[in-house]
Amino acid sequence: MLTVSSRAGVLARFGHALSDPTRCGLLLALRDGPAFPADLADALGQGRRTRYELADQRLAHALSDLVELALAIDATTACPVDSSGAC
């Protein structure tokens, strides 16, 4: 059974959620059912965007070299199998 203090805590958390326009918009959007974060961000016209980049640009060069090397391998050439059965 909820006590007065636990009910007050529930109402305070709910009030906190409603005090922020973004959180309020999320709650309103979720009335119709569950949604994916990207869809909610689109619907609300805002959201967090994460930007990724390589920590060191030398990795870009190394990755390009690796891709070129992998593409240079002739797929029709048989791979020699060692004693473990691996190529």
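In what order do the elements of the protein chain run from the N terminus on? Then take me through the packing of helix 1 and helix 2.

Analyst: The elements run α-α-α-α from the N terminus. That is 4 helices and 0 strands. Helices here are DSSP runs of H or I with at least four residues, strands are E runs of at least two, and both are numbered from the N terminus. This is a predicted model, where local features need pLDDT of at least 70, side-chain atom pairs count only at pLDDT 80 or more, and totals for chains, interfaces and linings use all residues. Residues are numbered from 1 along each chain as its sequence is written, and side-chain values use heavy atoms, with hydrogens and water left out.

Now the packing. Two packed helices are described by the angle between their axes and the distance between the axes. Helix 1 covers residues 4-19 and helix 2 covers residues 21-29. Their axes lie 5 Å apart, at an angle of about 105°. Helix 1 is therefore roughly perpendicular to helix 2, a label for angles of 65 to 115 degrees (under 35 is roughly parallel, over 145 roughly antiparallel, the rest oblique). Helix 1 brings H16, A17, L18 and S19 to the contact, and helix 2 brings P21, R23, C24 and L27. Contact means heavy atoms within 4.5 Å. The axes are lines fitted to C-alpha atoms over the stretch in contact, and angles run from 0 to 180 degrees between N-to-C directions.

Helix 2 also holds G25. G25 counts as buried because its relative accessibility is 15%; the cut-offs are under 20% for buried, over 50% for exposed and partly exposed in between (1.4 Å probe, protein chains only). Its C-alpha atom is 9.1 Å from that of L40, which is 15 residues away along the chain. L26 and A43 are 17 residues apart in sequence, with 9.3 Å between their C-alpha atoms. A43 sits in helix 3, residues 37-44. At 61% relative accessible area, A43 is exposed.

Across the chain, 5% of the 87 residues count as buried. The chain exposes about 8,000 Å², and carbon and sulfur atoms supply 63% of that area. Areas come from the Shrake-Rupley method with a 1.4 Å probe.

Further along, L54, L59, L63, L66 and L69 make a nonpolar surface patch of about 460 Å². L63 lies in helix 4, residues 58-72. It is partly exposed, at 46%.

The whole structure has 1 salt bridge, meaning a side-chain nitrogen of Lys or Arg within 4 Å of a carboxyl oxygen of Asp or Glu. R58 forms a salt bridge with D56, their closest N and O atoms being 2.5 Å apart. R58 is exposed at 64% relative accessibility, whereas D56 is partly exposed at 26%.

How values were computed:
Patch = residues over 30% accessible without salt bridge, like charges linked within 9 Å, V, L, I, M, F, W, Y side chains within 5 Å.
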